[in-house]
Structures are given as C-alpha cells and as structure tokens.
Amino acid sequence: PGSWATLVTGNQQIVLKIFEATKNTTTHNHPTGKIICDGKKKLSLALKDGLLEITQLQIAGKKRMATRDFLCGFKFQGNETLI
C-alpha cells in the first residue's frame with residue numbers, strides 16, 4: 001500500500017511513492033497544497049486543517065528511504081508542487 005505523487009520542480013518531474021505520512025492538526029498560514037521543506041529533516045504538505053508530514057518515500061526505480069535521506073540529495077527551490 002502507498003500513494004503515488006509526482007513532484008514537479010522547474011522542468012523536472014520526479015515520480016514518488018509515499019509509504020508513510022503523519023497528519024499533524026495544527027494552524028498555519030500556508031496555502032493548501034503548498035510543499036514545506038524544513039531544512040534537511042521534514043517534508044510536509046499543507047492541508048486545510050494541518051500538515052501532512054511525509055516520513056517514508058521511494059523515487060521510481062530506487063529503494064524505499066526515509067524522507068530525511070531524500071532531502072540530503074534534493075535541493076528545494078520553493079516553487080515545487082505535488083500532483
């Protein structure tokens with residue numbers, strides 16, 4: 001089980017399988033759907049009523065990994081979207 005998403009950054013598209021995520025019910029000022037990268041540790045998606053923190057994922061053709069390992073090799077520019 002898992003969910004599939006495509007991370008779009010510039011003209012690059014990375015297919016991801018999301019294995020594990022945790023919903024944090026909290027207030028925030030981000031628009032719904034915004035990807036939030038907290039340095040090299042957390043990757044979250046803004047929801048209407050909180051944040052969905054992605055904790056384990058897999059890039060198509062690669063091994064399953066913790067999000068922090070993915071973030072060590074991926075540079076977020078702030079304009080990325082998940083589709």
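Author: A strand is a DSSP run of E, at least two residues long, and strands are numbered from the N terminus; two strands pair if DSSP finds at least two bridges between them. This is a predicted model, in which local features need pLDDT of at least 70 and side-chain atom pairs count only at pLDDT 80 or more, while totals for chains, interfaces and linings use all residues. Residues are numbered from 1 along each chain as its sequence is written, and side-chain values use heavy atoms, with hydrogens and water left out.

Strand β2 covers residues 12–24 and runs antiparallel to β1, residues 3–9, with seven bridges joining the two. Two residues lie between β1 and β2, which form a hairpin. Gly-10, in the turn, has a positive phi of about 60 degrees. Thr-9 has Gln-12 of β2 as its bridge partner.

β2 also pairs with β5, residues 50–59, again antiparallel, through eight bridges. Here Thr-22 stands opposite Glu-53 of β5.

β2 and β5 come up again at the largest cavity, as the elements that give two or more residues to its lining. A cavity is a set of points on a 1 Å grid over the protein atoms alone where a 1.4 Å probe fits but cannot get out, and lining residues have an atom within 4 Å of a point. The whole structure has one cavity of 30 Å³ or more. The volume of the largest cavity is about 40 Å³, counted as the space filled by probe spheres set on the points, which are joined across faces, edges and corners. Its lining consists of Leu-7, Leu-16, Ile-18, Ile-35, Leu-43, Ile-54, Leu-57, Phe-76 and Leu-82. That lining divides into nine nonpolar residues, no polar and no charged (Ala, Val, Leu, Ile, Met, Phe, Trp, Tyr, Cys and Pro count as nonpolar, Asp, Glu, Lys and Arg as charged, and the others, Gly among them, as polar).

Arg-64 lies over the face of Phe-19, 4.1 Å from the ring centre (the criterion is NZ of Lys or CZ of Arg within 6 Å of the ring centre and within 35 degrees of the ring normal). Lys-42 belongs to strand β4, residues 42–47, and counts as partly exposed because its relative accessibility is 38% (buried is under 20%, exposed over 50%, partly exposed in between, with a 1.4 Å probe and protein chains only). Lys-42 and Val-15 are 27 residues apart along the chain, and their C-alpha atoms are separated by 19 Å.

How values were computed. Helix = DSSP H or I, 4+ residues; strand = E, 2+ residues; numbered from the N terminus. 1 Å grid on protein atoms, 1.4 Å probe; cavity = no way out; pocket = protein on both sides within 12 Å on 5 of 7 lines; lining within 4 Å.
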